[in-house]
Amino acid sequence: MSNQQAIKGPGSSFNYIALSLIPFSLFVALIVGLVQFPLPWQWSQPWVSSLDIALAFRVDAFSMLMLMLITGIGTMVFIYGSGYLSHTPGKHRIFFVLIIFMMAMIGAVTADDVILFFVFWELTSITSFLLVGFNHASSDARDSARQALFVTMAGGIALLAGLLLLSDMAGTWSLSGIVAAAPTYMDDPRLSYAIILVLIGAFTKSAQFPFHFWLPNAMSAPTPVSAYLHSATMVKLGIYLMARLDPAFNELLLWELLLIGAGAITAVWAAVLALRERDLKRILARSTLSALGTLTLLIGLPSSSAGLAVIAFLFAHAVYKAPLFMVAGNIDHVTGTRQIDHLMGLRRVMPWTAAAAILAGLSMAGLPMAFGFVAKDIMAVAKEQSELVEIVGYGLLLVNAVAMAVAAVAAIRVFWGPLEKSFVGLREANWRMVIPPLMLAIIGVEFELFPDFIDPLLLSAAQSISPSSQLVEISTSYSFQNMFSATGISALIAIFLFLAWDRIHDRLASMRWLDNFGPEASYEVVLTTLKKTASIHTRFLQSGRLDKYLLLTISALIAMSFYVFWNAPIQMPAFNHWPMHSWAWLVAGGLMSIGAVVAVFLQNRLALLMAVGLIGYGSAILFLFAGAPDLAFTQFTVETVLVVIAATVIPFFKHAPYRETPWKQPLKLLLALLAGAGTFILLMNLQAIPENRDLASWFASNSLPQANGRNVVNVIIVDFRALDTLGEIAVVAFSLLAAKPLFTHISANRSEAASGSVLLEKLAVPLYWMMLTAALWILLRGHNEPGGGFIGGLVAVAASSQLAILYNSRFARKYQYLMPSKLAMLGIGMAMVAGMAGLITGEGFLRHVEIAGLSSVLLFDLGVFLTVWGSFTGYVYSLLERHELPLETSEQGGMS
Amino acid sequence: MSLLMPFLLPIATSLLSVFIKGRLLIGINLISSFTLLALALQLLFEVVSSGPKSLIFGNWPVPYGIEFYADGLSALLIILIALVSAVVMVFMVHWERTSDKSAYFALAQCLVASAIAVSLAADLFNLYVWFELMLIAVLGLMVLGKGRQQTEAALKYFAVSMLGTLIMLSAIGMIHGAVGHLNFSALAELAASEDTGHYLTLYGGMLLLALLLKIGAFPLFAWLPAAYHALPAPLLALVGGLLTKISVYVLMRISGQVLDYQLYHEAIGWLAVITMLSGVLGAAYHWDLRRILSFHIVSQVGFLLLGVALASPAGMTGTAFFLFHNILVKANLFLIAGLIWMTAGHYDLRKIGGLYPARPLLSVIFLLSALSLVGVPPTSGFWGKLLIIMETFTQEKYLWAAAALITSMLTLYSMSKIWLEGFWKPHPGQLVSLVIPKSTYMVMLIMSVLILMMGLMPGPLIDLLQLQQWQQGGAL
Amino acid sequence: MSLILITVISICVSSGILLLLSREVFKMIMGLAVLGTAANLVVFTGGRPGSLVPAVIEQGSQTLMTNAASPLPQALVLTAIVIGFALLCFALILAAAVANQQDNSDVASYRENEPSGNAKAQSDKPSVMEIES
């Protein structure tokens, strides 16, 4: 990121050619290193030590060859790019990403740890995505970039899985270790899956059938990018990986079949499709595909000399294809078109480019003059030595022929012949765009003439992937017969293709079915299917209707809980005695059941509220007759306040209740019954489990001696488990704070704020004080007898509510002195201060402390009291105030 | 003390916020947030140097009082809570100028306090209380927006979450009824014992259901995308980035250290697989940034559940790593969504564009976070993914691994959609180009650096998490 | 023993679920209220209720009588009641606000966030938050 800023900083005055010093210095360093230190170079440093993943690098001759290609061609591409992009806005981004890409490539071809390798591998995919989409204003570029990303990343995921499997089988993360340990896991049943997964990764990266389609589309990238990534380096990464792993799996039929099959299909298919293109760059892209296919095929051949062929071809292809791309770029740059129909006779205006094209074209066509011949020659030998399937051989003849024809198109057709009028007066491209292709093309030719330096490197590179490689004696293998068999026939076909190019093209272009056929169409189908599936899925699950959400959630919960029942042991208790007080329980239970059943049938909201209230009051009675007076009182007061608040809220529901008959909806009814039955089972099972009274008896025996309280429930609330209570009053207070903005949204139809009679008003104030006193009394006695902060607070709420109802809320507020929400917060604060007391004495937060006979728990309970009082009066006042507002203009009908 | 302060500080700040306003309010909240971060770091330091810490409120003997317990995992989680909340506070200072800031800060601090309490509580009922506080704080933040969408979202969120809360309460009540204890270590002992262990299978299973709802597992996630997107983006960073993850953390803690969930691991695993795929499909469908990111929460929850289902120390380490990575990345993405909204004027991808040329720094930050979400190396997400997938391979759950890998591919799909539509595509109209405060960029850069650091140097974090004692089968 | 209690709880759960599944928003909230009461009773049942004696230590005694009701579930229920009540109050206001804003009390019609039809019909207005430029 900082780099990017730095590059951006110099602005347009910055000469981007200087950036080529980065790859160039790396290149020089490599050469120097190569002379000074013998290969292989190794370096390792723990990365994630607990997983044994290391930053392990290993440079052998093969890696060295790749490194020289990456940095050498990189230098040329950077020089070229500085000219090609000189007027492109945002070019700093391209260079920035290109540098990252180069680093990633360097990392990928030197990494020995598979995870490290994968890291760099993915990085090349991402940088490629960013570069392909450089012209992001065009939707074609965006789509191509995304296609390249999806295909290569999907491959990356497969590769990761494959590599993980491989390293699991081999017991090492090291790439060379995996190859070395190959014999030990040849019988592992996971091997075939691992191979398929790894090959999917390699095939996507190197654009092999059926994943080849992204590469021609990726040509929407700027030319320097195409030359560098999509012909010379990145697409070779898959080849690199396959060649690396080849020594391990060379003998495997699966490996052989997949490589030869995919390679051959890619090579032939791409060669045919190359004839369909009119765009020079796309023609080159197709022929790159074809070359990649040939490479894959060669790796798959079970022959020792294939290794050298692979290496030689890899090198040659990089050295001739990059300049050809640059030539295409120059033509585009100068003439503004890449369509070969218009391009003729350009040698007159672009002589240097023409020279580069011819040199590179010669190399590509595999004629004896250039280095390309050497490579092809070696290949021819390699092919003879292995039992090559005949058809593949013929196919390769065609491939060679098309390659030559393409070379001829790029080198001859566009440069010779009459110059089109509109091109007269054009000028040769910038020198920065001419030198690089010329240099690279010359290198290609040079090395044929002086192969002394490169041959040993090629040989040792070949030996590092196929140890038994030997240098085929180039000079002796150059025989007349060989020339004919390997290149001669191809050349004849090529000449025919070149001459008949337009006619063949027209014929092929008319075959429209080719467009809707093959993997690219499948890619589109996958995308469309994905969108459709996503749409159906999401509209079903996320329908937007709350009732459906609840239905879905409840159904799922019930289904899942029955799964739990199925798996867990369930027992039923024996009921052998009924407690004496069961009549009280019967009454309470009866009330609740009536409330529960009736509630389902009621449509009127007030009536429904009453029915629900009945359930609450019933449970209060239950509590009372189950030795829980605190609960009973709390439930009574809560229920009362709830009815007050709910009754005040109900008028705000202005519309008649949505009428429905739930008992006529069998699904809902079924769910309800199942939920009830589930609860029944759960609770019956609970009764069968013997009670563990550890906690109960500890609280029973420690309440008085340790915490000075006789009401054990209250002691638990304010002392033993005071933290729960602190959280609880926080919920209470914050619920009011949360509800505050909501009050502004509600308004009633009619004002309910009818003041009571004078007599009642006169009574209200004294009543208020009386009730408040009672509330305080309940609070104070709480520690030893039933009562406490909650109940006291709720009684105080009732006191304030009656005042607010009988007078009005503003009047009631005055008697409370502090805003309800602040009172509530103050209450929490007070409870926390009470807790702090224990902190000060060193006993710990929320431990009771007695000072002069007064316990800090009293302060705590007072806090509870204030919070409850403040919060719920806040609700009551705010609601009443909404009623007291002047009538708003609402024309809806009243509630039923 | 080091366990108490990270909880007390935000709750005290929250209370105070109700009473103050203006610069004082903002100042105190910012100071409090950064102090919290420091306190959290100190807690981690103490935990690393002298082992897990325990605090019993009121200093009562252990199964009787309420315990707060912190090990490396919870300390790290608290650091992330503190970090995200600090970042969001900085963000919110500039975000909204008209609404009730006191209430906003009070509720946000309350959310932070309850989230920290949830991460620390080692007592089931106490856990329930904090979950409720968390719920009400989120609801409060949601309705602060005051729009119709906000209240509606709050209603949907409330109705479904409340159901989960009630199940949780019942389950806790029944667990207590069955074995008589609430404290985690006491429960762990009981769960491991022959006599009482099988009681917990049933009621622990019910608790699991409640947690799955809170987490947003398939098909219990309806509340999540329905509600989250109604929040303004920075708050989503706090809510969406943290809440479900904290629930996952609770599930990890309970299933890894308290109750015996062996019976359910297989089922959880398959549920996780469906959750992952369902989440990404939802994201693939939508065009609204917040909806896309909300659905991704679901899918990542699935990923986390998968880690939980693997139920081995290595799986838990991976899950924990993924959890931390995801909190950071998710928060960052939501903040980016906020900035996108400020810059491009919309959350809907069809109505925006052109951010790449206009906001290069934002683009880089987004790219990093998005790639991390997908799990592309060398970002933090890669390691989380790798750790979990390696463990699925070890356990030979190849289908689960395949689902996880497909999920990351589909995540790539929707992330590339955001990139293509929001960043690369030219803006169909005009960029709004509000002035984006530098401080917001700063905090996001810090987050991005953390994401990158986690990716480049995952070793220390993984080592720390491996020290964590994960013991299956109940015993602590 | 607590067969009555268990039966009543189950009935309440059934009723609560049925109410919760209702499309009338007020009924839905009341369903949550009923379920809340049921959940509290479930917690209470965990303490094996049966004793009539409150958990209060009598004068002169240092410990609770052995036949007294179990105090811890009571304390838990007390906390749960108050929390549930606070949330219920909030929910009532929330439901009223939504019903007011959307001018309807049918839950199924609350589609402001997630309108019907396909994704194209979504209209998210970012104008909710105000920003000074």
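Student: What are patches made of here?
Tutor: Residues with over 30% relative accessible area and no salt bridge; like charges are joined within 9 Å, and nonpolar side chains (Val, Leu, Ile, Met, Phe, Trp, Tyr) within 5 Å. Asp and Glu count as negative, Lys and Arg as positive, and His and the chain ends are not counted. A charge is placed at NZ of Lys, CZ of Arg, CG of Asp or CD of Glu. Areas are Shrake-Rupley values with a 1.4 Å probe, and for residues only the protein chains shown count as cover.

Student: And the model itself?
Tutor: The model is predicted: local features need pLDDT of at least 70 and side-chain atom pairs pLDDT 80 or more, while totals for chains, interfaces and linings use all residues. Residues are numbered from 1 along each chain as its sequence is written, chains are lettered from A and ligands numbered from 1 in the order written, and side-chain values use heavy atoms, without hydrogens and water.

Student: Which residues form the negative patch?
Tutor: A:D140, A:D143, A:E520 and A:E524. Helices α6 (139-170) and α23 (519-541) of chain A each supply at least two of its residues. Helices are DSSP runs of H or I, at least four residues, and strands are E runs of at least two, numbered from the N terminus.

Student: Is A:E520 buried or partly exposed?
Tutor: Partly exposed, because its relative accessibility is 30%; buried means under 20%, exposed over 50%, partly exposed in between. A:E520 sits in α23 of chain A.

Student: Which residue of chain B pairs with A:R721?
Tutor: B:D123, with the closest N and O atoms 2.6 Å apart. That pair crosses between chains, from the loop between α30 (712-720) and α31 (722-743) of chain A to the loop between α4 (101-120) and α5 (124-144) of chain B. Both A:R721 and B:D123 are buried.

Student: What does B:R253 pair with?
Tutor: B:D71, at 2.8 Å between the closest N and O atoms. B:R253 is in α10 (residues 233-258) of chain B and B:D71 in the loop between β2 (67-70) and α3 (72-95), so the bridge ties together parts 182 residues apart in sequence. Both residues are buried.

Student: Which residues do shared partners join into a network?
Tutor: A:R58, A:D60 and A:R244.

Notes: Salt bridge = Lys/Arg side-chain N within 4 Å of Asp/Glu carboxyl O. Buried < 20%, exposed > 50% of the residue type's maximum accessible area, 1.4 Å probe, protein only.
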